[in-house]
Amino acid sequence: MSFSPGEFRKALGLFPTGVAIVSGRTPEGQLLGMTVSSFNSVSLDPPLVLFSVARNAASFDAWQAMPKYGISVLARTQDDLSTRFARSQSDKWAMVHPAYGQHDVPMIPGALVGFECERHAVHDGGDHAIFVGKVLGLNAVANHETEPLVFFAGRYCGVRRSDASPSELEFRLLHGW
Ligand SMILES: Cc1cc2nc3c(=O)[nH]c(=O)nc-3n(C[C@H](O)[C@H](O)[C@H](O)COP(=O)(O)O)c2cc1C
């Protein structure tokens with residue numbers, strides 16, 4: 001390879017993504033949650049989405065066994081939740097009351113949109129595994145004026161309407177506003 005792991009990571013970070021939290025409840029009743037930027041659409045019919053989980057995540061085995069999970073796409077104001085759910089093995093749900101959708105999946109309240117999914121497939125993805133979920137239901141579909149949280153070059157950013165021209169969107173570092 002002509003590039004180092006650090007260079008590869010930096011290059012991947014130049015692809016701006018939204019930020020989502022995948023969430024679920026184990027058969028023992030424990031709430032799980034994990035911040036992911038690897039969420040993506042796969043198929044419209046059947047409705048399929050994906051995200052990938054690092055094999056060294058403490059909760060990796062639990063995700064593999066999870067029959068249903070939620071994916072909450074975060075709004076611009078939810079960067080604190082993204083940070084909280086990215087802290088390994090911490091009590092991520094302390095102070096966060098899950099919102100339950102139609103399919104009894106715990107979701108993040110106040111998200112831009114939530115996808116309730118059932119496990120469809122898990123594929124090998126090197127040091128990650130790729131989880132493909134079949135979407136059972138949509139929650140909290142925000143109106144199109146709600147702004148998303150964006151992750152770019154290792155930092156949180158946001159997209160927001162320009163004050164001068166509300167029909168235009170601006171892309172800025174979150175803490176630059
Ligand atoms: C913006 C952002 C995006 C992330 N995306 C992913 C991801 O797509 N897949 C992943 O495995 N970890 C991702 N992480 C790291 C996980 O959130 C973190 O390692 C995880 O919460 C650890 O959980 P654990 O308690 O199971 O160890 C991301 C972290 C941040 C801050």
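This is a predicted model: local features need pLDDT of at least 70, side-chain atom pairs count only at pLDDT 80 or more; totals for chains, interfaces and linings use all residues.
**Notes on the sheet, the core and the ligand shell**

1. Strands here are DSSP runs of E with at least two residues, helices are runs of H or I with at least four, and both are numbered from the N terminus.

2. Residue numbers start from 1 along each chain as its sequence is written.

3. P46 sits between β4 and β5, and the peptide bond leading from D45 to P46 is cis, with omega near 5°. For background, most peptide bonds are trans, and most residues other than glycine have a negative phi.

4. Zooming out, the protein has three helices and 13 strands. Seven of the strands form an open sheet in the order β3-β2-β6-β9-β10-β5-β4, with antiparallel pairing; two strands pair if DSSP finds at least two bridges between them. β3 and β4 are the edge strands, each pairing on one side only. On average, neighbouring strands of this sheet are turned by 35° against each other, direction ignored (axes are lines fitted to C-alpha atoms, for helices over the stretch in contact, and angles run from 0 to 180 degrees between N-to-C directions). Inside the sheet, β6 and β9 run antiparallel and are joined by six bridges; there, G70 stands opposite E116 in β9.

5. What about the interior? Of the 177 residues, 28% count as buried, meaning 20 or more other C-beta atoms within 10 Å of the residue's own; 12 or fewer is exposed, in between is partly exposed, and C-beta atoms are placed from the backbone. The largest nonpolar core has 31 residues, and those with the most contacts inside it are A20, I21, V22, F51, I71, L74 and A111. Such a core is a set of buried Ala, Val, Leu, Ile, Met, Phe, Trp, Tyr and Cys residues joined through C-beta atoms within 7 Å. β2 (20-25), β3, β5, β6 (68-73), β9 (113-125) and β11 (149-152) each give it at least two residues.

6. Setting aside neighbours within four places in sequence, its contacts are G33, M34, T35, S72, L74, L81, F85 and I108; a contact means C-beta atoms, placed from the backbone, within 7 Å.

7. Now the ligand: 19 residues surround it, the closest being V36, S38, A58, S59 and S88 (near means a C-beta atom, placed from the backbone, within 6 Å of a molecule or strand). β3 (31-36) and β5 (48-54) each supply at least two residues of this shell, and β5 has the largest share, four residues. The shell has eleven nonpolar, eight polar and no charged residues. Here Ala, Val, Leu, Ile, Met, Phe, Trp, Tyr, Cys and Pro are nonpolar, Asp, Glu, Lys and Arg are charged, and the others, Gly among them, are polar.

8. A153 lies in the loop between β11 and β12 (155-161) and is exposed, with 11 other C-beta atoms within 10 Å.

Methods
Two residues are in contact if their C-beta atoms, placed from the backbone, lie within 7 Å.
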